[in-house]
Amino acid sequence: MKASPRNIPGSAVLDRALLECAREPIHLAGAIQPNGHVFVLDPATGAIRGRSAGAPALTAAAHAALAARQAEGREGSAVIDGLATEDGATWVGTLHRGGDAALLELETPDPAGAGGRALDLLGEAIDALALSTDVAGACAVAAAGLRTMTGFDRVMVYRFEPDWSGAVAAESRAPRDGVDSFEGLRFPASDIPPQARELYRLNRVRLIPDAAAPPVPIEGDPGVDLGRAILRAVSPVHLTYLANMGVRASMSVAITRGERLWGLLACHHQAGPLATGQRARQAAETLARALAWRLAEIEATEVANARDRFGDLAEALATELGDPERSIETALAPLGVRLRAAAGAAGFLLVDGSLRFRAGETGRLPASLDAALAAAATGDGFESDRVGDSALGAAGLALAEAGWCGIAARRIVRGAASAENGEGEASDLWAVWLRREFRHEVVWAGNPDKTLAEAPPGTQPALTPRRSFAAWREEVRGRAAGLRPAERAAVGVVADALRHALLRRAQATARTNRELRERNAAIRFFADAAVHDLREPLWQIQVLAGALREDLEGAPEPGRLASVIESSAARMRGMVDELAAFAAAGEFAGAVSPASLASLAGEAALDLDTRLRASGGTLAIRLDALPRVVCEASQMRRVFQNLLSNAIKYRRSDLPLRIEIEGFVAADGRVRIIVADNGLGIPAAEVERVFEPFRKLAHPQAIEVDGLGLGLAICRRVLEGHGGAIVARPRAVHGTEFEITLPVVAA
Amino acid sequence: MTRPVAERREVLAAEDNEMHRLVLGRVMRDALAAGAPVLRFVRNGRELLDRPGDAPRPDIVLLDLHMPVLSGFEALPMIRADARLRPLPVVVMSSSTEARHVDAAYREGANSYLVKEGDYRRVLAQTGRLAEFWFGTVLLPSGRAR
């Protein structure tokens with residue numbers, strides 16, 4: 001039978017019933033099962049302040065033995081063999097110390113030889129466990145072993161899912177009619193409510209030898225906490241549950257891994273009551289521990305295998321990302337398929353504030369995935385096999401809408417690290433694996449939703465165990481397969497490798513940056529020194545040659561020679577000035593401040609006025625519409641100077657030079673300035689090369705070819721230093737057009 | 001120039017380069033002829049600061065920025081920190097037109113910044129204007145003739 005997805009009837013009524021069931025104080029049962037007796041002792045004096053109804057009086061010797069164990073003063077439980085009561089019976093006592101009251105439980109002793117037999121069977125089961133190599137196999141061995149040790153009709157390994165529903169991982173059954181298989185069935189989380197799960201921490205074994213036996217009340221101290229007591233009476237809800245399943249006796253043993261209750265060894269007996277002695281219970285508990293241990297080993301092996309399998313991927317990541325010159329995208333491209341395969345994912349991506357890399361079908365990704373991950377992550381990771389219901393879904397990320405059900409994410413680099421490098425916002429870098437829906441069927445042990453008792457209208461119905469445990473099929477949608485331990489290990493290997501490779505990459509980049517900075521500083525220092533040391537003697541030559549020329553006014557030939565020296569020195573000094581300007585271009589030692597580009601262009605025009613007039617050219621400046629721009633004025637002025645000088649230099653001899661400077665604010669908010677002339681022009685193939693340093697346009701008709709060829713290189717450096725740009729293009733008819741772009745920085 | 005020759009002005013130039021001193025002397029003579037000031041030299045900023053108290057007090061100081069031992073940039077704040085030298089007008093002479101040099105010179109206390117002209121005629125004109133400004137236009141601090 002197919003059913004609609006679960007939780008649809010999960011109305012407020014059901015939620016409340018679940019809550020109330022979860023609140024039932026089952027540890028304060030106020031009664032015990034009838035297969036023994038309980039005494040409530042004052043923890044300080046040892047005086048008996050309560051007992052189960054009909055409990056026989058302890059003998060004086062039993063009192064003395066009890067007092068001796070209590071006097072040890074330790075907390076925890078102690079077993080006292082051979083406690084006698086006045087009715088002539090002998091018992092095995094279990095003393096639970098600590099808390100508000102000490103409890104003494106009396107149970108019938110195991111028959112002779114029970115201990116040896118339990119130990120033998122335990123040894124066999126552990127031997128078999130050691131030979132099992134996968135989770136299913138180990139669980140099957142444990143189930144079979146425990147059934148042999150205890151004689152229950154059905155022993156299951158019951159594994160808790162992340163939502164605390166239970167799945168039957170293995171089962172061993174008596175070959176008898178009526179003992180149905182529960183293998184592969186799923187039990188809802190409400191079957192074992194939170195307070196029952198909590199009691200398994202305190203008391204690892206829960207034993208019900210006869211669900212039909214009437215409970216015996218505690219007299220004298222009915223409110224005593226029976227959480228630790230093996231004899232604690234069974235909650236009525238649980239009794240109904242067992243009866244509906246046809247179970248007469250049961251035992252559950254906690255399987256814990258780390259702090260978490262991983263599952264239970266769950267035993268059912270249908271044929272009738274079944275007593276389980278102390279030794280068999282201890283053996284069962286030991287078997288549960290051995291199983292937990294073996295499961296951890298099996299997982300560790302799987303993880304190690306995954307590490308081996310993905311070790312070469314880690315190496316490849318280190319190699320590909322090692323070269324900081326290559327982009328992350330280029331470096332990872334050949335590894336995309338393997339990166340996805342690590343977690344059986346359809347898509348893999350690296351994302352921080354923006355998408356750094358993607359492999360596979362990642363589709364449209366929601367913005368600010370990184371921020372949502374940072375908020376949702378515990379530690380450096382986030383996983384969900386039901387993304388829509390996770391914190392990411394709650395954060396409004398439309399991952400499920402994009403067809404993603406599962407996500408596994410690992411933080412690779414903390415944002416603070418990149419922010420320290422001055423790379424802007426503190427945004428973490430995440431490796432993210434995206435998984436598609438895994439549509440499958442879960443077979444529930446009975447309809448898990450039909451558990452509300454019929455109640456008169458207007459009253460809160462209580463949660464009652466379902467009557468039918470017949471398989472009830474549910475199609476699970478909107479969910480990805482959970483990450484298996486081996487996949488999780490592979491994810492870890494890849495994440496570690498990425499961290500390592502990116503760290504090394506960042507170190508390499510930092511090293512390169514530092515070297516570049518040092519080299520720049522050295523070049524700067526050299527340029528300063530060279531410029532000064534060259535300028536001074538040139539100035540002296542120039543001035544002294546000028547003085548000499550004056551002195552030689554009457555002698556034409558020596559005077560002419562002196563003036564050649566003078567002008568050569570002057571030209572050379574111009575070149576040194578140009579070199580100095582190039583070294584300083586784009587660096588702002590002086591203060592930046594808002595300046596009028598119209599004024600700067602006007603000043604530049606004034607500087608070149610003589611040359612412009614001499615060339616017979618005209619200049620029109622239309623920059624009044626521009627806002628003031630934050631810049632270093634002297635450098636920006638030089639840009640105009642160099643462009644004007646260039647236009648004069650490369651004018652046509654057959655056409656009057658006309659220079660136009662126009663500016664406007666473009667749609668993107670940046671200032672755009674066009675400097676156009678009608679000169680010789682630049683061939684389309686040369687428009688980029690003219691900005692290279694020491695590149696002089698060797699035009700056959702060029703009128704003046706003075707200087708070092710740094711003019712346009714200086715312009716480009718200055719503009720790039722201001723966050724702007726300059727490009728050249730030939731005009732349709734004559735000449736060249738330079739386009740300057742500048743950001744408008746708020747003053 | 002209404003002053004008698006006996007009251008010739010005094011210029012103290014901090015200049016390390018022999019050639020440069022020669023140039024300065026020649027330029028002053030050519031530009032100002034009889035009005036040329038007495039030109040005294042120290043080799044660097046250190047010598048300027050260490051001048052004995054009874055040394056002749058100049059009217060203005062010409063300071064080269066690039067000198068060994070104590071550069072102009074280093075000497076300027078020390079001049080401004082020295083009670084005796086503080087009132088002296090300091091004219092920085094440099095061949096650098098770079099804004100960072102100009103800004104730094106003024107920041108450290110220069111009274112003006114002169115970019116050395118190359119063309120001889122212009123050098124003479126510039127020197128004439130310099131003398132006209134400092135010796136003919138403005139009043140200088142008193143106290144030279146103690």
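## Burial and an aromatic pair

A residue is termed buried when its relative accessible area is under 20%. In this predicted model, A:Phe691 has a relative accessibility of 5% and therefore counts as buried. A:Phe738, at 3% relative accessibility, is likewise buried.

The ring centres of A:Phe691 and A:Phe738 lie 6.3 Å apart with the planes at 85°, so this pair is edge-to-face. A:Phe691 belongs to the loop between β25 (671–677) and α18 (711–721) of chain A, whereas A:Phe738 belongs to strand β27 (residues 736–742) of chain A; the pair therefore ties together parts that are 47 residues apart in sequence.

## Other ring interactions

Over all chains, eight aromatic pairs are counted. One of them joins A:Tyr158 and A:Phe160, whose centres are 5.6 Å apart and whose planes stand at 85°, so that this pair is edge-to-face. A:Tyr158 is buried, with a relative accessible area of 5%, and A:Phe160 is buried with a value of 5%. Ring pairs connect A:Tyr158, A:Phe160, A:Trp164, A:Phe182 and A:Phe187 into a cluster.

Charged groups also sit over rings. The charged end of A:Arg436 is placed over the ring of A:Trp404, 3.8 Å from its centre, and A:Arg717 lies over the face of A:Phe582 at 4.5 Å from the ring centre.

## The five-stranded sheet

Strand β27 of chain A is part of an open sheet of five strands, ordered β22-β24-β25-β27-β26 (chain A), with mixed pairing. Strands β22 (618–622) and β26 (725–730) of chain A stand at the edges with a single partner strand each, so one side of each has no neighbour in the sheet. From one strand to the next, the twist averages 15°.

β25(A) and β27(A) pair in the antiparallel sense through six bridges; A:Ile674 stands opposite A:Glu739 in β27(A). Helix α15 (residues 597–607) of chain A lies across β22, β25 and β27 of chain A and runs at about 165° to β22(A). Helix α18(A) also packs on the sheet, where it touches β26 and β27 of chain A, and its direction makes about 140° with that of β26(A).

## Nonpolar cores

The largest nonpolar core holds 46 residues, of which A:Leu146, A:Val157, A:Met251, A:Ile255, A:Leu265 and A:Leu291 touch the most other members. Helix α7 (residues 278–321) of chain A supplies the largest share of this core, nine residues. Another core, of 45 residues, lies apart from it and includes A:Ala601, A:Cys631, A:Ile673 and A:Leu712.

Beyond its neighbours within four places in sequence, A:Met251 is in contact with residues including A:Leu146, A:Phe152, A:Arg206, A:Leu265 and A:Arg281.

Methods. Residues are numbered from 1 along each chain as its sequence is written. Chains are lettered from A and ligands numbered from 1 in the order in which they are written. This is a predicted model: local features need pLDDT of at least 70, side-chain atom pairs count only at pLDDT 80 or more; totals for chains, interfaces and linings use all residues. Side-chain values use heavy atoms; hydrogens and water are left out. A nonpolar core is a set of buried Ala, Val, Leu, Ile, Met, Phe, Trp, Tyr and Cys residues joined through side-chain atoms within 4.5 Å. Buried means under 20% relative accessible area, exposed over 50%, partly exposed in between (1.4 Å probe, protein chains only). Helices (H or I, at least four residues) and strands (E, at least two) are DSSP runs, numbered from the N terminus. Contact means heavy atoms within 4.5 Å. Rings of Phe, Tyr and Trp (its six-membered ring) pair if their centres lie within 6.5 Å; planes under 30 degrees apart count as stacked, over 60 as edge-to-face and the rest as tilted. A charge sits over a ring if NZ of Lys or CZ of Arg is within 6 Å of the ring centre and within 35 degrees of the ring normal. Two strands pair if DSSP finds at least two bridges between them. Axes are lines fitted to C-alpha atoms, for helices over the stretch in contact, and angles run from 0 to 180 degrees between N-to-C directions.
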